[in-house]
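Take a moment to look over the chain before reading on.

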Amino acid sequence: MNTVQQPMYEWKDLPWKKFERSVFKLQKRIYQASIEDDRKTIHKLQRLLINSWHARCLAVRRVTQDNRGKNTAGIDGVKRLSPKQRLYLAQTLKLRQKARPVRRVWIPKPGKMEMRPLGIPTIRDRAEQALAKLALEPEWEARFEPNSYGFRPGRSAHDAIEAIFQSICLKAKYVLDADIAQCFDRINHAALLAKLETFPALRRSIRAWLKVGVMEEDQLFPTPAGSPQGGVISPLLANIALHGLETAVSKAHPQARLIRYADDLVVLHKDLPVIEQAKATVSTWLDGMGLELKPSKTCITHTFHQHDGKVGFDFLGFHVRQYPVGKNRSGKTGYPPNLPLGFKTIIKPSKNAMQRHYQEVKRIIEAHPFTPQAQLISQLNKTTRGWTAYFATVASKDAFSKLAHLTFVKLRRWAKGRHPSKSWKWIARKYWHPERGIWLFAAPVGLPLYRHFETPIKRHVKVKGSKSPYDGDWVYWAKRRAEYTGTPTRVAKLLKQQSGICARCGLYFTSGDLLEVDHIVPKASGGKDSYANWQLLHQHCHHQKTAKDKHLRQLEALMKSASHARSRMSGNAHVRF
């Protein structure tokens with residue numbers, strides 16, 4: 001009879017630094033074996049990692065502590081685990097051939113009336129998937145095609161946009177702008193499992209997660225195809241399913257270039273017939289995986305000339321287009337159809353992306369008609385900073401200025417609605433403070449409104465070739481994260497100061513780590529908000545330090561209380577004598 005042994009440590013006392021190093025050492029070996037296409041060694045190392053106590057603990061920590069969606073419950077209703085429950089789960093964690101159905105949750109698609117289905121597994125199933133991902137991801141990171149950028153560690157949408165820029169900046173091209181219809185919901189299970197080529201135990205577990213079914217309103221629906229969005233391993237499985245598409249297009253059309261971010265893709269070539277043939281090639285290849293292109297989001301256009309009434313294209317929220325520059329022979333600036341002109345490639349936020357952001361700003365302002373100004377500013381700053389950081393890598397200056405003006409107009413209406421009987425001069429003094437020499441929407445206490453145009457424009461540097469965080473080049477990845485435009489200024493400065501290393505555990509920050517700024521001396525103990533008192537930690541390291549600081553403050557309070565009690569007792573004894 002198998003019994004669970006009593007753990008030697010508490011959860012917070014586990015040697016996490018040792019665990020991280022041990023697991024990454026195995027992952028790096030898997031990555032190298034995959035580069036050499038040594039299948040036997042890959043499967044041997046993957047089995048070793050999956051059965052490792054270190055990997056099991058890390059898998060549990062990632063789904064119960066490090067994941068942003070860790071408080072989402074599956075069909076069992078369990079949202080979080082206590083430290084003792086985490087230890088028990090790590091001890092009993094293993095890949096099984098069965099899984100519990102996922103809970104169906106519907107979320108709105110950004111800027112659309114459509115809803116996207118998510119499938120939320122139970123915590124145990126999530127931990128098993130995280131364990132499998134630890135073993136599978138290094139193998140496939142060595143095999144994935146270089147122009148695949150979605151759901152991969154160390155890669156982002158900005159890398160895909162920069163790849164497009166580099167492909168068209170010297171020559172105008174035709175573009176197949178395509179989207180795969182319901183990619184996650186239609187992947188053929190048999191084709192995916194065949195492509196995995198993994199060992200039987202892992203294959204059976206993955207098959208169980210794919211076939212598990214969806215529970216919605218106490219009714220179970222089968223899942224004959226697809227991988228439910230919301231699962232830990234689903235993005236990796238989707239990338240594996242789409243692996244090979246770029247190679248198929250390049251073999252059929254050597255000069256064509258396919259760039260893919262998850263289920264969004266573009267194919268670029270200078271000749272229209274090649275693009276039309278590439279569309280047929282993509283459709284045929286996808287059919288083998290049970291997928292198809294979405295007609296409403298698939299079109300052929302051109303980066304410079306009009307084609308079917310269109311010029312340029314939208315991709316991942318950006319608008320990509322080339323504009324004419326120079327003059328014709330008559331000395332007039334223009335776009336003559338019979339004379340070639342130079343062009344300039346400009347990438348900027350798309351109109352749809354700007355409209356969605358403005359609607360969000362409008363919603364926030366209208367939802368807080370009588371909210372204190374400081375609270376409204378806090379809500380707006382979160383939205384504005386995040387949106388501008390995403391588009392700060394392209395020609396966004398005009399878009400930022402326009403949105404800042406629209407926000408000002410909306411806030412002016414908000415302020416007038418609060419004080420309909422007051423003059424504009426009085427309202428301006430109360431909310432914008434022109435007497436300070438600059439108009440800033442700011443409360444008497446707190447930060448002012450962050451205006452869109454305050455975000456500096458900074459060119460993004462694309463990831464080198466097929467580099468991966470599993471190659472062990474920590475210096476490159478730490479420097480890249482510090483210089484990434486989406487990294488907040490304070491975090492970027494601390495990353496450079498700490499050379500990309502966590503100040504508590506001494507490990508390098510990886511691309512998937514959640515980072516938090518910590519006060520070395522807590523504010524409750526008199527610490528200040530300054531770079532001298534800030535340090536960057538892993539989220540889990542921050543939680544451990546915060547718990548320790550709280551414990552120390554409690555001990556100090558008890559010691560002070562005991563000291564005061566002794567003083568009173570000694571004083572009373574002196575009076576009696």
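Start with one term. A residue is called buried when its relative accessible area is under 20%. It is exposed when that value is over 50%, and partly exposed in between. Keep these cut-offs in mind. Note too that this is a predicted model.

Now the overall picture. The protein chain has 577 residues, and buried residues make up 47% of them. Its secondary structure comes to 19 helices and 13 strands. Along the principal axes, the C-alpha trace spans about 115 × 80 × 50 Å. The chain exposes about 30400 Å², and carbon and sulfur atoms supply 54% of that area.

Next, look at charge. The protein chain carries 98 positive and 47 negative side chains. The centres of the two sets lie 7 Å apart. K40 is found in helix α2. Is K40 buried or exposed? Its relative accessible area is 73%, so K40 counts as exposed.

Other charges pair up. The structure holds 20 salt bridges. One of them joins R96 and D125, with the closest N and O atoms 2.8 Å apart. R96 lies in the loop between α4 (83-92) and β1 (102-108), while D125 sits in helix α5 (residues 123-141), so the pair ties together parts that are 29 residues apart in sequence. The two partners differ in cover. R96 is partly exposed, at 28% relative accessible area. D125 is buried, at 1%.

Now find K467. Which residues does K467 pair with? D471 is a salt-bridge partner, and the closest N and O atoms are 2.8 Å apart. D473 also forms a salt bridge with K467, here with the closest atoms 3.4 Å apart. Why is K467 called buried? Its relative accessible area is 19%, and the cut-off for buried is under 20%. D471 counts as buried as well, at 18%. D473 has 30% relative accessibility, so D473 counts as partly exposed.

Salt bridges can also link up through shared partners. In this way E20, R61 and D66 are joined into one network.

Conventions
Residues are numbered from 1 along each chain as its sequence is written. This is a predicted model: local features need pLDDT of at least 70, side-chain atom pairs count only at pLDDT 80 or more; totals for chains, interfaces and linings use all residues. Side-chain values use heavy atoms; hydrogens and water are left out. Helices (H or I, at least four residues) and strands (E, at least two) are DSSP runs, numbered from the N terminus. Buried means under 20% relative accessible area, exposed over 50%, partly exposed in between (1.4 Å probe, protein chains only). Accessible areas come from the Shrake-Rupley method with a 1.4 Å probe; for residues, only the protein chains shown count as cover. Lys and Arg count as positive and Asp and Glu as negative; His and the chain ends are not counted. The place of a charge is taken as NZ of Lys, CZ of Arg, CG of Asp or CD of Glu. A salt bridge is a side-chain nitrogen of Lys or Arg within 4 Å of a carboxyl oxygen of Asp or Glu.
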